[in-house]
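This report goes through a strand, a helix and the cores they contribute to. The sequence and structure come first.

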Amino acid sequence: MKRLKIAVGTISTQKISYLKEVLKELKIKSVIESIEVKSEVSHQPTTSKETKTGSINRAQNALKEIKNADFALGIEVGYHKYLKNKYEMFCWATVIDRHGHKISGQSYKFLLPEYHQRILGSGKYLGHNLDGYSRKAKDSISIYIDNMVRHRKPFIISALKDTLIRYFRQKDF
């Protein structure tokens, strides 16, 4: 397989590092070009539909800007209310290529602890209000939850794998 040029609709070093990790695991040779683009959704999406739309918009906008890319990726983390009106956290990733193929994949969903529920319920930005939970996180599970919510790695990795596997093996799906 030739080395692919992938346009990514983010300049987040965190998201780019997770993408590189997934590409390495899948043995996909690539050059990544990241670009800051608008998601055209709210800064903190609070529905699955809005989050998916953000990932699609990021991929489309990156593909428009980076003309020689083989395909573009959009990654969007979001939240939605589910069980008993409680927020879950998840990620959508979307691949769009020059041939019009578009594949979106969602990570698993994680029901957030009460601390995080209160932040989202009050309309505050979750990413800027995590330290209160981490100060109380003394046991290994609480520390794991803090890490997971703070860095979003399992959600982003899960969505990227789902999307990229289905993109590269379209004939199997």
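## Strand β1

How many of the five residues of β1 are buried? Five of the five are buried, so β1 is largely enclosed by the rest of the structure. This is a predicted model, in which local features need pLDDT of at least 70 and side-chain atom pairs count only at pLDDT 80 or more, while totals for chains, interfaces and linings use all residues. Residues are numbered from 1 along each chain as its sequence is written, and side-chain values use heavy atoms, with hydrogens and water left out. Buried means under 20% relative accessible area, exposed over 50%, and partly exposed in between (1.4 Å probe, protein chains only). Helices (H or I, at least four residues) and strands (E, at least two) are DSSP runs, numbered from the N terminus.

L4, I6 and V8 point one way from β1, and K5 and A7 point the other way. In a regular strand the side chains alternate between the two faces of the sheet.

## Pairing of β1

Strands pair if DSSP finds at least two bridges between them. β1 pairs with β2 in the parallel sense over five bridges, and K5 has V31 of β2 as its bridge partner. From β1 the chain crosses through α1 to β2, a β-α-β crossover that is right-handed (with the strands pointing away from the viewer, the path from the first strand over the helix to the second runs clockwise).

β1 also pairs with β3 in the parallel sense, over three bridges. Here the bridge partner of A7 is A72.

## Helix α1

The buried residues of α1 are K15, I16, Y18, L19, V22 and L23. They cover an arc of only 160 degrees around the axis, which puts them on the same side of α1; the arc is that of the directions from the helix axis to the C-beta atoms. These buried residues pack against β1, β2, β3, α5 and α6, with contact meaning heavy atoms within 4.5 Å.

The face turned away from the buried side carries the exposed residues T13, K24 and E25. After α1 comes K27, whose phi is positive, near 60 degrees.

## Nonpolar cores

A nonpolar core is a set of buried Ala, Val, Leu, Ile, Met, Phe, Trp, Tyr and Cys residues joined through side-chain atoms within 4.5 Å. The largest has 38 residues, and those with the most contacts inside it include F71, L73 and L112. Elements giving two or more residues to this core include β1, α1 and β3, and its largest share, seven residues, comes from α6. Apart from this core lies another, of eleven residues, among them A7, V37, A59 and A69.
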